[in-house]
Amino acid sequence: MKLLTHNLLSSKCLKGVKVGYPLRIVAKDVKISESEYNMEFVLKMIPKLDWKVLVNAAEQIGHGNNLPIELIEDYEDDEELLKKIHHVLMEVEVINGELICPETQRIFPISAGIPNLLLNEDEVS
Amino acid sequence: MATMKLKKLQYELEDIETFENPKIELEQYTTSSHIAACILHTAQFVYDDIKDKMVADLGCGSGVLCIGAALLNAKLCTGFDIDPSAIKLSVENAADRNVSERCEFVLCDVKTIYTSIKSKSFDTVIMNPPFGTRLKGADLIFLKMALNLATKAVYSLHKTSTRKYVMDTAKRMGVYSKVIAELRFDLPASYKFHKKDSLDVQVDLIRFVLPGEEQ
């Protein structure tokens, strides 16, 4: 699971959960894969991201990569920063671990790189 | 790779491992390499909806559409499926075709995906949804979920017999739709209740365009 994907996931599917975002990550295995850097793509994704959630997620799994806590204003011109963002979004992958609902602490396992968001019938909202 | 020929793409998608034991209730008909190549080739070379895009595949099954999108240089193609054995198959097939880095897979129930994935997270959704023959309405539930996730376009297969109903539903949601290909879907006798060897079904490939996007 890439951190880009993590940025999009919530546990609002659970009964009684109001926001369910962000999911906390506990990573047992992290892999760094290679993805071609594409500036246009990174620039297009940044406004769609929850920046703080991305920075926290990267830190939680030990790949903070010195991302600034607040996104600087003129990030478009900072290629070094854009490459770092690309790396964190596309190349850092959680292979085994857990996603944890912030409200109920329900654990969603990540195994072999696949987050499992399936619910039991009695958990569905 | 400036333009990949349709035949080459189809060739690349041939022999992708399919379900050993398809589940009837999930309508796990595998998308043939021919149909997958046809959908993706049109999406890319007529409409520019794949390359460098965030693509999602709802009910990814064997992963053939994800893999095809990755081969056409989607930046990332994320496959969602409720069935762990489908996801396992998708992962293996993506690894076999050397596109794991461009593919993500998530186990979740597509019918309620709006409660798990932020809306408007993808540019394009491609899918071969259940036709709704086993679970009535499943086709339109998938379509609504796809329209919620996409910002640009949705490509989906629907039985030709349901064309008017599907397109009227889209219209009511303010979504423009157009049949861009009519296909014969050769359903092999994958299930025991199919008496003939195979069954030809008329299927439309429909492109749905989100409001504000170029038609």
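1. Terms and model. Buried means under 20% relative accessible area, exposed means over 50%, and partly exposed lies in between (1.4 Å probe, protein chains only). This is a predicted model: local features need pLDDT of at least 70, side-chain atom pairs count only at pLDDT 80 or more, and totals for chains, interfaces and linings use all residues. Residues are numbered from 1 along each chain as its sequence is written, chains are lettered from A and ligands numbered from 1 in the order in which they are written, and side-chain values use heavy atoms, with hydrogens and water left out.

2. The aromatic pair in chain B. Two aromatic pairs turn up over all chains. Rings of Phe, Tyr and Trp (its six-membered ring) pair if their centres lie within 6.5 Å; planes under 30 degrees apart count as stacked, over 60 as edge-to-face and the rest as tilted. One of the pairs is Phe80(B) with Phe122(B), edge-to-face, at 6.0 Å centre to centre and 85° between the planes. The pair links distant parts of the chain, with Phe80(B) in strand E2 (residues 76-81) and Phe122(B) in strand E4, 42 residues apart. Helices (H or I, at least four residues) and strands (E, at least two) are DSSP runs, numbered from the N terminus. Phe80(B) is buried, at 1% relative accessible area. Phe122(B) is buried, also with a value of 1%.

3. The nonpolar cores. A nonpolar core is a set of buried Ala, Val, Leu, Ile, Met, Phe, Trp, Tyr and Cys residues joined through side-chain atoms within 4.5 Å. The largest has 63 residues, and Leu58(B), Phe80(B) and Val154(B) touch the most other members. Helix H5 (residues 138-149) of chain B gives the largest share of this core, seven residues. Another core, of 44 residues, lies apart from it; among its members are Ile114(A), Ala69(B), Ile87(B) and Leu205(B).

4. Around Val154(B). Contact means heavy atoms within 4.5 Å. Not counting residues up to four places away in sequence, Val154(B) touches residues including Val125(B), Met127(B), Leu143(B), Leu147(B), Ile206(B) and Phe208(B). Arg207(B) is also on that list.

5. A charge sits over a ring if NZ of Lys or CZ of Arg is within 6 Å of the ring centre and within 35 degrees of the ring normal. The charged end of Arg207(B) sits over the ring of Tyr47(B), 3.9 Å from its centre. A salt bridge is a side-chain nitrogen of Lys or Arg within 4 Å of a carboxyl oxygen of Asp or Glu. The structure holds 16 of them over all chains. Asp49(B) bridges to Lys152(B), with the closest N and O atoms 2.6 Å apart. That pair links distant parts of the chain: Asp49(B) is in the loop between H2 and E1, Lys152(B) is in strand E5 (residues 150-159), and they are 103 residues apart. Asp49(B) is buried, at 0% relative accessibility.

6. Which residue pairs with Arg163(B)? Asp204(B) does, with the closest N and O atoms 2.7 Å apart. Arg163(B) lies in helix H6 (residues 163-172) and Asp204(B) in strand E7 (residues 198-209), 41 residues apart. Arg163(B) is partly exposed at 26%, whereas Asp204(B) is buried at 0%. Shared partners also join Asp49(B), Lys152(B) and Arg207(B) into one salt-bridge network. Glu92(B) and Lys88(B) meet in a salt bridge too (3.2 Å, N to O). These two are four residues apart in helix H4 (residues 84-96), so about one helical turn separates them.

7. The interface of chains A and B. 26 residues of chain B contact 33 residues of chain A. Buried area is the accessible area (1.4 Å probe) that two parts lose on being put together, summed over both. The two chains bury about 2200 Å² between them, 57% of it on carbon and sulfur atoms. Lys75(B), Glu101(B) and Lys118(B) supply 27% of the area that chain B buries against chain A, more than any other three residues. The charged end of Lys75(B) sits over the ring of Phe41(A), 5.7 Å from its centre. Glu101(B) forms a salt bridge with Lys31(A) (3.9 Å, N to O). The count of salt bridges between the chains is three.

8. Backbone points to check by eye. A cis peptide bond joins Tyr21(A) and Pro22(A), with omega about -5°. Pro22(A) is in the loop between helix H1 (3-6) and strand E1 (24-32) of chain A. Phi of Asp52(B) is near 60°, a positive value in a residue other than glycine. Asp52(B) is partly exposed, at 29%.
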